[in-house]
Amino acid sequence: MKTLIFIDDHEIQLFGLEDLLRASAEVLGKGSLGTAYKAVLEDGLIVAVKRLRDVEDGRKAEYHQHIEMMGRLKHPNLVPLQAYYFDKEENLLVYDFMQNGSLLPLLHRKWKKS
């Protein structure tokens, strides 16, 4: 059965994979690892979804360990990972959605001043 795997702190599953796949989505940006989307679920919940590009199927166990480790990281400057999904066709990371946009312009402006 295809299901999202929620990280420890997110014990209550607020949505499932089917809810996420039915959500309306808006592209937030594209990077070397994949594309980020703002997903609005039917109940109004908003999450950020990173759709990763090719992760080798043979490295599934390593991938799960790495994602679980990322999910345990806690820091005020990190967006918490809520859940993830991995199979042959899809690789998704689900985060809390941050309303204030991309950090890139703020970082770029700071680097120019230095």
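1. Let's start with a salt bridge: the side chains of arginine 51 and glutamate 90 meet with N and O 2.5 Å apart. By salt bridge I mean a side-chain nitrogen of Lys or Arg within 4 Å of a carboxyl oxygen of Asp or Glu. This pair links distant parts of the chain, 39 residues apart: arginine 51 sits in strand β4, and glutamate 90 in the loop between β5 (81-86) and β6 (91-96). Arginine 51 is partly exposed, at 39% relative accessible area, while glutamate 90 is buried at 17%. The cut-offs here are under 20% for buried, over 50% for exposed and partly exposed in between (1.4 Å probe, protein chains only).

2. A word on what you're looking at. This is a predicted model, where local features need pLDDT of at least 70 and side-chain atom pairs count only at pLDDT 80 or more, though totals for chains, interfaces and linings use all residues. Residues are numbered from 1 along each chain as its sequence is written, and side-chain values use heavy atoms, with hydrogens and water left out.

3. How many salt bridges are there? The count comes to three. Salt bridges with shared partners join Asp19, Arg22 and Glu42 into one network. Aspartate 19 pairs with arginine 22, their closest N and O atoms 2.8 Å apart. These two are three residues apart in helix α1 (residues 17-22), so about one helical turn separates them. Aspartate 19 is partly exposed at 29%, and arginine 22 is partly exposed too, at 47%.

4. Arginine 22 also meets the side chain of glutamate 42, at 3.5 Å from N to O. Because glutamate 42 lies in the loop between β3 (34-40) and β4 (46-52) and arginine 22 is in helix α1, the pair ties together parts that are 20 residues apart in sequence. Glutamate 42 is exposed, with a relative accessible area of 67%.

5. Now the overall layout. The chain has three helices and six strands, running β-α-β-β-β-α-β-β-α along the sequence. Helices (H or I, at least four residues) and strands (E, at least two) are DSSP runs, numbered from the N terminus.

6. In what order do the six strands line up? They form an open, antiparallel sheet, ordered β1-β5-β6-β4-β3-β2. The edges are β1 (5-6) and β2 (24-30), each pairing on one side only. Strands count as paired if DSSP finds at least two bridges between them. β1 and β5 pair in the antiparallel sense over two bridges, and phenylalanine 6 has alanine 83 of β5 as its bridge partner.

7. Helix α2 (residues 60-72) packs on this sheet, touching β1, β4, β5 and β6, and its direction makes about 170° with that of β5. Axes are lines fitted to C-alpha atoms, for helices over the stretch in contact, with angles from 0 to 180 degrees between N-to-C directions.

8. Of the 114 residues, 32% are buried. Among contacts (heavy atoms within 4.5 Å), those with a separation of 6 or more include 46% between residues 24 or more positions apart. The chain exposes about 8400 Å², and carbon and sulfur atoms supply 55% of that. Accessible areas come from the Shrake-Rupley method with a 1.4 Å probe; for residues, only the protein chains shown count as cover.
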